[in-house]
Amino acid sequence: MSFRQALFSATRSRRVLLRSVAAGGILSTTAFFLSTTDSFGSIHHQAEQDVPLNYPVPAPVALPLSREEQIKKLETEQFDLLIIGGGATGAGCALDAVSRGLKVALVERDDFACGTSSRSTKLVHGGVRYLEKAFWNLDYEQYKLVKEALAERATFLKIAPHLSFPLPIMVPVYKWWQVPYYWAGTKMYDLIAGKENMESSYFMGRGKTLENFPMLKPQNLKGAIVYYDGSHNDSRMNTAIALTAAQKGAVILNHMEVTELSKDSSGRVNGAVVRDNDGTAGKIQVDAKGVINATGPFADWIRQLDTPVATDIVAPSSGVHVILPDYYCSPNMGLIDPATSDGRVVFFLPWQGHTLAGTTDSPTTVSKDPIPSEDEISWILNEIQHYVADDITVRREDVLAAWSGIRPLVRDPRAKNTESLVRNHLITLSDSGLLTVAGGKWTTYREMAEDTVNTSVKEFGLHPTAPCGTKDIKLVGAEGYRKLMFIHLIQTFGIETDIAKHLADNYGDRAYDVVRLSATTGERWPTRGIKLSPAYPFIDGEIRYAVQHEYARTAVDVLSRRIRLAFLNSKAALESLPKVIDIMAEELKWDKARQDKEWDDTIRFLYSMGLQNGKYFSRADVESGKTIMLG
């Protein structure tokens with residue numbers, strides 16, 4: 001029976017299901033209690049199945065093409081595709097196209113992952129909530145979205161094992177009838193994932209639930225259903241996709257803004273005029289057989305460069321997240337609240353040694369670096385308060401960072417009802433040949449890119465020399481990554497354990513090059529790696545690596561998207577800013593005026609990360625410690 005048939009037959013069975021949940025729930029739960037096992041052991045066991053630690057130290061990697069060399073290619077070559085936008089979708093399109101043998105250029109007006117792609121919930125998931133809607137609304141499109149995302153989830157973890165990992169997520173149960181309901185839903189989630197399923201979902205008793213989440217409200221707690229999804233470091237994943245495309249021959253330039261689209265004599269788009277926002281190259285004409293608009297929430301701005309009267313297709317939605325101390329969440333397990341006070345879903349997830357909580361979902365306007373509202377932050381904190389024990393007070397002062405990401409929901413301009421939103425991604429071609437891809441979700445970026453490049457090949461008459469192969473292309477850092485690599489880093493370079501784990505899990509086999517660029521401490525132990533902030537594992541070598549190997553051009557690029565300090569603790573990021581600017585000034589030969597500009601630009605950015613808005617922090621005050629009190 002197809003899923004479509006199953007959905008329609010389910011209409012008859014829903015009443016039966018509700019009656020069985022209410023009246024026969026205990027019998028249902030008893031059966032699966034007997035088959036329940038704790039799946040943590042298998043994950044830990046897999047982590048231990050690794051190669052011996054006597055593998056050789058990798059040789060230093062060659063530097064990528066310099067920015068100046070990339071700009072020269074942009075000025076002098078004609079491309080099959082010019083991709084506008086350096087987020088997950090744009091970078092994914094660049095990697096897909098160049099791996100097929102096409103000549104590709106990508107330009108991004110700010111930095112890779114500067115917008116939505118760095119401000120996500122950090123989940124690699126199919127979406128259990130989408131599955132619930134698919135069942136109750138008999139919605140086949142929702143089901144397809146979940147199935148596709150679960151398939152892409154497996155690819156995600158295969159091509160970037162250093163940046164993504166399986167994460168168990170619990171659903172607390174406070175009423176016995178919820179047990180068979182949630183259990184059936186998560187088992188269906190497992191079933192749809194098929195052979196790509198990570199681990200089987202299971203019931204966890206009250207004692208184990210409180211052991212994993214001791215801050216959870218214990219009154220009436222029955223236990224929890226645990227299922228598996230993935231988590232990742234979104235901006236570093238985005239950067240790795242872009243760098244892998246560059247490694248394969250694509251021209252990849254951040255801080256390069258499209259100011260106008262160029263057209264041939266028949267009115268067809270055949271390139272763009274771009275401006276170097278880093279101030280070194282001025283304006284450049286880029287020629288291409290096809291142009292892809294992959295600018296996320298800003299898609300309409302590019303569409304209206306092509307056709308000034310084009311109707312908006314983006315319906316922007318704001319999603320606010322907050323970062324809290326680690327004690328709000330288990331270090332190895334997340335939590336989902338599927339029934340908040342207004343019906344939205346809230347996640348509590350371990351991320352980079354902290355607790356990530358969110359998200360909201362509110363209509364908004366498109367802007368660069370939006371500032372999260374106090375109302376949205378308060379709503380998240382109030383929802384957390386409902387779940388924690390009565391003797392714990394969730395304080396506004398516990399928020400170490402907060403940010404707002406703009407999700408680009410889209411309307412299909414060809415649909416009869418243009419107000420209805422497309423649940424999946426949308427690819428649309430303008431009359432003059434501008435190809436726009438918008439919508440979708442982080443987990444399905446690769447599939448979105450494949451669909452977009454397939455359409456480009458057809459519409460622009462391109463001639464690839466190979467099929468799409470991105471399901472098997474490992475990203476930069478993945479090839480030599482091992483789960484126990486951090487031990488080898490400690491033994492080889494004499495760095496602290498927390499630093500070694502951080503580098504291994506965020507740079508993969510490139511961690512060796514990061515340590516090589518780190519200063520010696522002058523101490524007996526550790527011998528290398530000077531921390532930017534005492535409470536965090538980020539070190540000086542990461543700044544040099546970001547500039548030399550990852551095209552970081554500003555202090556914001558480093559603090560927010562190469563290392564994630566701005567997303568973890570806005571005050572700690574401010575405290576680290578003098579060191580970041582000093583090292584970047586040395587690497588990029590900044591003069592005093594540029595250093596002052598970097599200071600002011602970074603302070604403005606940190607307002608969008610939860611730093612006290614409107615208060616100016618001078619460098620002298622920060623360096624003297626007058627303005628910083630880290631919690």
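Is Q352 buried, exposed or partly exposed? Q352 is partly exposed, at a relative accessible area of 28%, because that term covers whatever falls between buried (under 20% relative accessible area) and exposed (over 50%), using a 1.4 Å probe and protein chains only. Keep in mind that you're looking at a predicted model, where local features need pLDDT of at least 70, side-chain atom pairs count only at pLDDT 80 or more, and totals for chains, interfaces and linings use all residues. Residues are numbered from 1 along each chain as its sequence is written, and side-chain values use heavy atoms, with hydrogens and water left out. Helices (H or I, at least four residues) and strands (E, at least two) are DSSP runs, numbered from the N terminus.

- Q352 isn't a glycine, yet its phi is positive, at about 55 degrees; look for Q352 in the loop between β13 (346-351) and β14.
- D369 is another non-glycine residue with a positive phi, near 50 degrees, and D369 sits in the loop between β15 and α11 (374-387).
- G358 and T359 are joined by a cis peptide bond with omega of about 20 degrees, and T359 belongs to the loop between β14 (354-358) and β15 (362-363).
- There's also a cis bond from W525 to P526, with omega near -5 degrees; P526 is in the loop between α15 (511-516) and α16 (540-549).

- β4 (residues 164-173) is mostly covered, with eight of its 10 residues buried.
- Strands count as paired if DSSP finds at least two bridges between them.
- With β6 (residues 223-232), β4 pairs in the antiparallel sense over 10 bridges, and P172 stands opposite A224 in β6.
- With β12 (residues 334-337), β4 pairs in the parallel sense over two bridges; here M170 stands opposite L335 in β12.

**Helix α12**

- α12 (residues 445-460) has 16 residues and should span 22 Å at 1.5 Å a residue, which agrees with the 22 Å between its end C-alpha atoms. The expected span is 1.5 Å times one less than the number of residues.
- Its buried residues include Y445, R446, E447, M448 and A449, as well as T452, V453, S456, V457 and F460.
- Just after α12 comes G461, with a positive phi of about 65 degrees.

**Helix packing**

- Helix α4 (residues 88-99) packs against helix α9 (residues 234-247) at an angle of about 25 degrees, with axes 8 Å apart. So α4 is roughly parallel to α9. Axes here are lines fitted to C-alpha atoms, for helices over the stretch in contact, and angles run from 0 to 180 degrees between N-to-C directions.
- Angles under 35 degrees count as roughly parallel, over 145 as roughly antiparallel, 65 to 115 as roughly perpendicular, and the rest as oblique.
- α4 passes α9 in a left-handed crossing, meaning the near helix is turned anticlockwise from the far one by less than a right angle (clockwise would be right-handed).
- On the α4 side, A88, A91, G92, A94, L95 and V98 meet N238, I241, A242, T244 and A245 in α9; contact means heavy atoms within 4.5 Å.
- α16 and helix α19 (residues 570-588) pack at about 40 degrees, with their axes 10 Å apart. That makes α16 oblique to α19.
- The crossing of α16 past α19 is right-handed.
- D540, I543, R544, V547 and Q548 are the α16 residues that meet α19, where the partners include K579, V580, I583 and M584.
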